[in-house]
Protein chains: 2
Amino acid sequence: MNTPRKPIERFFTIIPAGGIGSRLWPLSRASAPKFLHDLTGSGQTLLQDTWDRLSPLSGADRILVVTGQAHQGAVVEQVEDLDLKNLVLELSPKDSTAAIVLAAAILAKREPDVIVGSFAADHVIPDTEAFLATVREAIEVAATGKIVTIGITPTEPSVAFGYIKLGDSLHLESAPNAVSVDKFIEKPKMVTARKYVESGKYLWNAGMFIAPAALLLEQLQKSEPELHAALNEIADAWDTMYRESVMHKVWPTLKKIAIDYSIAEPAAEAGLVAVVPGNFTWHDVGDFAAIAELQSAGRSGNLAILGNTKVLADSSSGILVSDTDRLIALIGVEDIIVVDTPDALLVTTKEHAQRVKSLVDALRATGHSDLL
Amino acid sequence: MNTPRKPIERFFTIIPAGGIGSRLWPLSRASAPKFLHDLTGSGQTLLQDTWDRLSPLSGADRILVVTGQAHQGAVVEQVEDLDLKNLVLELSPKDSTAAIVLAAAILAKREPDVIVGSFAADHVIPDTEAFLATVREAIEVAATGKIVTIGITPTEPSVAFGYIKLGDSLHLESAPNAVSVDKFIEKPKMVTARKYVESGKYLWNAGMFIAPAALLLEQLQKSEPELHAALNEIADAWDTMYRESVMHKVWPTLKKIAIDYSIAEPAAEAGLVAVVPGNFTWHDVGDFAAIAELQSAGRSGNLAILGNTKVLADSSSGILVSDTDRLIALIGVEDIIVVDTPDALLVTTKEHAQRVKSLVDALRATGHSDLL
C-alpha cells in the first residue's frame, strides 16, 4: 500500500438484523421480526429505511447484513442492492458479540484496515443528515484508535435505555464533539434517570459502535479469548470452500454475550471508548406505544393506522396495526392498541404496551410457541 | 266434529326466525343472523333454545318455523325435529305481519280451530317452567276469543322496549292473572319509562302473541284487507302444487308492516287484546352489553367469552366473542367488547355497544354491504 486510506474510505457498515421484538407481538414474530415490517408508515420496512440511511455514507456495496438463516429470503427480497458476498447468515441466535465481531472479522480478512460501524436494523432516525454527520465524526475518531459510540441526547428521563457517562473532550480537530466515555450504565431506576438527565453528563446508549475491526478483535481477544478464537476460525474459512463445514462445527459452540459486556464496558474501563453526541431524534420502537407516538408525531387527535386501510373508527388516539384484509371497526375506544394478524389478535392500551412481553413469555410457557 | 278440542290441544307454536340483529354485528349477519348463534354459552343456538323451550308445550310436531330462504339449510340442520311441512320460507323480508299471519293462515287451512302462539327465535328465557305456565294461561284466554300477549314485569325503566298498559282483570277461572290490554305504547323516553315502572300498571311488550288463527285473520281483514287477501291467496295454494307459482307472484307485492300496527294496536282499541303478566326473566339480547350481562349473571369479575377458547386475557369485565380459531390476547382492557370474525373485527366498550347499529348503517352507506 502506498498512502493510507482516509478514514471514510475505510468505512464499512454492518447491519445486525436480529431480535424478535417480543413487545411487538403478534406483529413481530420469530418468523417475521420487527425489522421486516413497516412500523413508521414510510412504505418501507425498518431494514430498508436503515439501508437507505447508511448507503449514502458507505456506498451500497459496503454494507454487510447479519441475520438469521430463516430471514435470508425476506432480507434479499427487501434489499435488492445487497451484495450476497455481504450477507452473513447465523445458524442460530448467539447474541450481539458473535454477530458483530464475526462480521468485523470477515471484513478485516478482506481489508485489514477496515473501520466498521454497527447499526441495528430496527431503529428509526428521521433526520438522516444529522445522523450521518454524527457518524462521520465517529469514523474520524475511530481512525485514531478508539471504539466510538453514538450517544443520544436524552429528551426525557427514560428507564428503557442504558446511559453513557461522558468523560473529557478528546480535542480532535476532525471530530470537535467527540468525548471520552467514562463508563456505560445499565437501564437505571427513574429517580436515577432523572438525575442523569438533569446533570447533562449522560447520554442514551443507542447501541451503535464504530471502530477499526482490528481493535474490536483485539479487545475481544483480551476479554473473551475462546469466543475470539472461534469467531476468527469462522472468519478464516468464510471466503473459502470450508465456510459451511466450519460454521456448522463452530457456530453452535459460541458463547452468547452482548457486545456491551464483551467489548464496550471493558474497553471503556481501559479508556479506549469515545462517544459522539447525536442531536437527532432516535427511536428504538420498543413497543406499540412507541409506534403510536412515532405515528402521531406532529399530528394530534389521530388514531395511527399501519397496514390495513379497511378501517371504520371514531377513536382519536391509539394505534391499529393490521396484517390482514379484514374490516376493522373501532367504536368509542381511546388509547387503544389493536394488532390484527392472521393467527393472533392483540387488544391492549398504550398504558399496558410494555406488558406484551410478559404475554409472550406466558405463551411460551403454555406451549403456544407456534404463535411466537 | 264431536266435542270441541281443549284449548291446549288446539295450540300450535309459530317461531318467526328473522331479523338481522344489526347491533350484534359482525357476529350477527344477514347471512347468519342472531338466532343461528349461541349467544348464551348454552352450547345451543338461540333458535335451538327456543325450540326446546316450546316443544314440551305444543309437541315438536306442532311447531312451525318462518324464516328466510337463505337460512333454510342452517335451520334444518339446527332443528332436527322440524317437520319440513312446518317450514315456511320467505322469499324476502316482509316484516312481521306477513311472516306470522301467513303461518297462521296456513295452519288455519289445516285446522280451522287452531290457536297459534308466536315467539321470536332470538329471545332468551332462562326459566322455562315459569314461561310455559304463563303461555298455558294465555292459551286459555285465547280460547275465549282474545288476542293475548305476554307482558314482562319490568325490572328497570328501560327505553329499549315498548310497554303494555294494563286494563281490568278478565276474572277468568282458567287464567286468573289475565288482564285486558288498555293500549300498547312505543318505546318511551326515560322520564316516562320511570313513571310507567313506578305505577305498576305497565309491562314490557315482549312481542309474543297467542290467539286463534281465525281471529288474527279476521282482524287483519279489517285493518289491512289487501294484505289479508294476498296472504290468504298464498295460504290457499300452500299445500298444493301451486305454492311456488303463487308465492313468486304474490309475495313480492306484500306490504311490509309490523304486526303491532296491523293487528295488535287496532285490536286493543277494539277491546280484543288481553295480557298475561310474565314473572320470568326475559332478554331480547339486543346488543353485546346485553350478552355480557347475560353471561356474567351470577358471576362477578368475569370476562365473558363466547366461542373461541384460545384466549389469554387479564381483563375482568367485558365480552369476547370469536368466530375464528385465532389466539386472542387482551391485556389491561376493561369493559371491552371484542368480536372476532373471519372477515371483520369489532372493538368497542359496553358503554358504546348500542352504537354498533350506526356503524352498520355507515357500512351500508359506504358500500360494504358484503360485510353485513
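**The strands where the chains meet**

A: The strands E14(B) and E15(B) run antiparallel and are joined by 5 bridges. Helices (H or I, at least four residues) and strands (E, at least two) are DSSP runs, numbered from the N terminus. Two strands count as paired if DSSP finds at least two bridges between them. Strands of a sheet pair through backbone hydrogen bonds, in either the parallel or the antiparallel sense.

Some ground rules come first. Residues are numbered from 1 along each chain as its sequence is written, and chains are lettered from A and ligands numbered from 1 in the order in which they are written. The model is predicted: local features need pLDDT of at least 70, side-chain atom pairs count only at pLDDT 80 or more, and totals for chains, interfaces and linings use all residues.

E15(B) belongs to an open sheet of 6 strands with mixed pairing, in the order E11(A)-E13(A)-E15(B)-E14(B)-E12(B)-E10(B). Its edge strands, each pairing on one side only, are E11 (311-313) of chain A and E10 (304-307) of chain B. From one strand to the next the twist averages 5°. Axes here are lines fitted to C-alpha atoms, for helices over the stretch in contact, and angles run from 0 to 180 degrees between N-to-C directions. The helix H12(B) lies across E11 and E13 (327-330) of chain A and E15 of chain B, running at about 140° to E11(A).

There is also an open sheet of 6 strands in the order E10(A)-E12(A)-E14(A)-E15(A)-E13(B)-E11(B), again with mixed pairing. Here the edge strands are E10 (304-307) of chain A and E11 (311-313) of chain B, each pairing on one side only. Neighbouring strands of this sheet are turned by 5° against each other on average, direction ignored. Within it, E12 (residues 318-322) and E14 (residues 336-340) of chain A pair in the parallel sense over 5 bridges, with Ile319(A) opposite Ile337(A) in E14(A). Helix H12 (residues 356-365) of chain A packs on the sheet, touching E15 of chain A as well as E11 and E13 of chain B, and its direction makes about 140° with that of E11(B).

The pairing from chain to chain can be followed to single residues. E15 (residues 344-349) of chain A and E13(B) pair in the parallel sense over 4 bridges. Leu345(A) stands opposite Ile328(B) in E13(B).

Now take the contact as a whole. Two residues are in contact if their C-beta atoms, placed from the backbone, lie within 7 Å. Chain B gives 28 residues to the contact and chain A gives 28 residues. On the side of chain B that touches chain A, the elements giving two or more residues are strands E13 (327-330), E14 (336-340) and E15 (344-349) and helix H12 (356-365) of chain B. E15(B) gives the most to this side, with 6 residues. By class, the side of chain B that touches chain A has 18 nonpolar, 5 polar and 5 charged residues. Nonpolar means Ala, Val, Leu, Ile, Met, Phe, Trp, Tyr, Cys and Pro; charged means Asp, Glu, Lys and Arg; the others, Gly among them, are polar.

Why do the copies meet through the same surface? Of the interface residues of chain B, 100% are also interface residues in chain A, so the copies meet through the same surface.

Last, the setting within one chain. Chain A is divided into domain 1 (7-278) and domain 2 (288-371); such bounds come from an automatic or database domain assignment. The C-alpha centres of domain 1 and domain 2 of chain A lie 29 Å apart. Their contact takes 11 residues from domain 1 of chain A and 17 residues from domain 2 of chain A.
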